Amino acid sequence: MTTGLWSLITKTPKMAFSRKPTCTLFFILTLSALALYTALRHHHHPRTPFAAAANNHRNPLYYRDIFLSTADNYTIAGYLRNLTLHPHLAGTPLSLSTALYVQSHFQSLGLTTHMTNFSALLSYPTRSSLSARFINGTVHPVPLSEPDVPQNGVVLPYHAYSPSGTAYGEAVFLNYGRDQDYRALGVDVKGCVGLVRRGSGMSRYEVVRNAAAHGVSAVLMYTEGECKEGVERGTVMNGLGDPLTPGWAGIEGGEELDLNDLQVAEKFPGLPSLPISETAAETIIESLEGEKIPHQWMESFKSGNRRITRVGPGPTMLNFTYEGEKKMATIHNVFSVITGSEEPDRAVLLGNHRDAWTYGAVDPNSGTAALLDIARRFSLLMRLGWSPRRTIILCSWDAEEFGMIGSTEWVEQNLVNLGSKAVAYINVDCAAQGPGFFVSATPQLDDLIVEVTKQVKDPDAENLYLHERWAAANKGVNPIQRLSRVDSDFAPFLQHAGVPSIDFYFGIDFPVYHTAFDSYDWMVNTGDPLFKRHVTAAGIWGLVALHLADDPILPFNYISYATELQEYRNVLNELLGGTISLDPIADAIQEFITAANVTEEEIKKLRVDQSSDESTILRRRMLNDRLMLTERGFLDSEGLPGRQWFKHLIYGPRGDSESKIEFFPGVGDAMSERGGEKERKAMITHETWRVARSIQRAATALRGEFT
């Protein structure tokens with residue numbers, strides 16, 4: 001401690017001993033009295049964290065207990081209130097003010113803090129309109145924004161990177177906009193304005209791409225749910241990062257591709273689109289005649305309390321206009337670094353994006369508020385004498401909503417350092433959006449996640465730990481999902497850099513997603529009124545980080561990974577019906593299993609070895625390096641076919657919306673090929689060999705020996 005009573009005591013002696021003996025005696029008596037008072041006070045009151053710190057200087061369990069016990073609902077609520085006072089769309093002055101708020105908070109805690117800026121191509125609306133001409137000849141404007149929303153900087157609903165354009169055509173309902181939906185509809189939709197409901201795993205880009213392929217002239221998207229007046233903003237860009245700098249960081253004065261370059265142009269859809277509310281969509285759909293709704297859609301599609309019977313085209317005509325602009329903007333990533341005391345060159349990263357389409361109370365600033373509170377509690381631990389074994393980096397990303405731009409640019413800029421130094425990345429986007437705990441991770445982190453959930457209280461149940469209800473709700477089945485999707489900032493870390501990753505949140509979804517209603521008021525009235533879920537999310541996030549930063553042996557278990565790989569091979573074999581040999585994958589998995597088992601035995605021995613001689617320290621370090629680097633083995637320098645930026649061959653985004661698997665993305669794409677059967681089988685065989693080689697590379701890394 002450097003302030004308060006302790007600082008007065010430590011500063012007084014130098015002055016006192018220069019005075020007369022009477023003053024010296026008075027000082028000694030005063031100091032003795034203070035010591036007696038302190039002893040009596042501790043006798044009558046519980047020990048405070050500061051009082052106990054001296055006796056627990058290197059006890060990780062003590063610091064984890066203090067971390068959990070210093071949570072504060074009101075503090076997190078205050079952070080969220082400050083973060084959501086104004087809309088803060090990336091590239092705007094209000095977004096910069098939010099970045100400065102986060103930076104100031106880190107600095108006020110005494111943490112080493114810096115800001116890293118990038119230059120990126122962003123997209124904003126300038127004008128839009130939509131009107132409907134009904135069969136009776138009347139023409140009505142269709143509202144494109146939420147009612148009763150103060151226009152204090154809230155951006156009009158739009159799709160970032162949509163091209164400008166106009167369209168006038170018959171309205172037609174296209175369900176989710178999948179290829180199978182066009183086949184089920186079975187009519188010519190060329191020149192129509194399509195209405196599509198969000199869902200079924202389709203990205204906005206995929207929806208618009210499919211529509212363009214079928215001759216649709218413009219697309220309107222809406223989201224079903226409780227918030228029928230809300231309009232879901234979003235991006236229609238294909239891929240991650242700044243579109244002008246694919247594969248390298250967009251720095252001021254650096255290389256940028258031209259907007260007309262083919263690599264850039266292919267990231268953007270070829271026809272315009274807009275989001276609309278469910279209420280507006282219902283009005284249009286209910287006016288349609290034409291084709292009967294395909295029976296394949298009927299079970300899942302309902303509008304209000306009335307089933308839709310006809311889906312068009314027509315007779316309602318839609319007049320659509322959208323004008324937007326793409327322009328360069330500066331984006332701001334903010335970092336706080338807590339340098340490790342023993343392994344400063346190994347880093348555990350905690351990340352959350354800060355930018356929002358509107359106010360962002362849930363997405364993303366529930367996560368930002370939790371991150372700020374983790375920083376506060378880590379700062380407290382540091383004042384108690386704690387310093388992590390490994391470095392911890394708190395990351396506040398910008399421009400995630402446009403396509404994970406802030407995190408992607410930083411990963412591209414720091415790719416070599418991440419490859420050699422990054423232990424793991426833990427991402428939280430929406431910390432609290434409703435009840436229920438949902439987590440995705442690379443499999444070697446499963447055991448750590450389970451262990452941590454046994455240490456934090458369930459925010460929605462009295463006197464229960466989170467793991468009890470979580471396990472019961474999933475009936476013994478491993479509830480941890482995987483990370484093949486690309487909907488948050490874990491994607492560049494895992495799928496491009498091969499860093500083991502976790503992403504989690506409370507609540508499966510929330511009705512005000514990307515709307516102007518995602519506000520502080522919604523959070524305190526509906527989402528998490530007492531901020532208990534925020535506290536639990538911060539507790540999980542921080543405890544996972546403390547284990548990864550402080551455990552002498554990294555808490556990785558690759559036997560879990562091996563089990564998962566075996567399951568993938570079995571599922572794939574069933575889908576292929578034995579028509580293609582998966583022996584290369586099976587053999588590689590067996591090699592991985594052997595390496596995982598040997599490594600687990602080595603971990604057990606070193607965990608019980610408490611000696612601190614140079615030989616043991618070196619053995620721990622070498623083992624930890626193998627555990628850290630194994631995930632990199634699943635990367636392939638050529639990347640996925642047609643999506644070379646994505647390097648991970650186990651987890652990555654699908655290239656085809658009808659892919660049947662969420663693992664081995666290259667194999668899944670090959671299975672969806674619509675060419676000749678001979679060519680298709682050849683592609684599948686090649687991709688299975690690539691997967692097998694990646695598993696062998698990972699096994700070699702885990703063994704730590706040259707072949």
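At what angle do the axes of helix H4 and helix H19 cross? Before you look, note that this is a predicted model, where local features need pLDDT of at least 70, side-chain atom pairs count only at pLDDT 80 or more, and totals for chains, interfaces and linings use all residues. Residues are numbered from 1 along each chain as its sequence is written, and side-chain values use heavy atoms, leaving out hydrogens and water.

**First stop: two helices.** Select residues 60–69 (H4) and 532–550 (H19): their axes come within 10 Å and cross at roughly 165 degrees. Axes are lines fitted to C-alpha atoms over the stretch in contact, with angles from 0 to 180 degrees between N-to-C directions. Helices here are DSSP runs of H or I with at least four residues, and strands are runs of E with at least two, numbered from the N terminus. The crossing angle therefore makes H4 roughly antiparallel to H19 (over 145 degrees).

Now show side chains. Arg-64, Phe-67 and Leu-68 in H4 meet Ala-538, Gly-539, Gly-542, Leu-543, Leu-546 and His-547 in H19, with contact meaning heavy atoms within 4.5 Å.

**Next stop: strand S1.** Select residues 112–133 together with S9, residues 317–338; these strands pair in the antiparallel sense over 21 bridges (pairing takes at least two DSSP bridges). Click Ala-120 and you will find Ala-329 of S9 opposite.

**Last stop: the hairpin.** Arg-133 stands opposite Val-139 in S2. Five residues lie between S1 and S2 in this hairpin, and Gly-137 in the turn has a positive phi of about 90 degrees.

Key: Angles under 35 degrees count as roughly parallel, over 145 as roughly antiparallel, 65 to 115 as roughly perpendicular and the rest as oblique.
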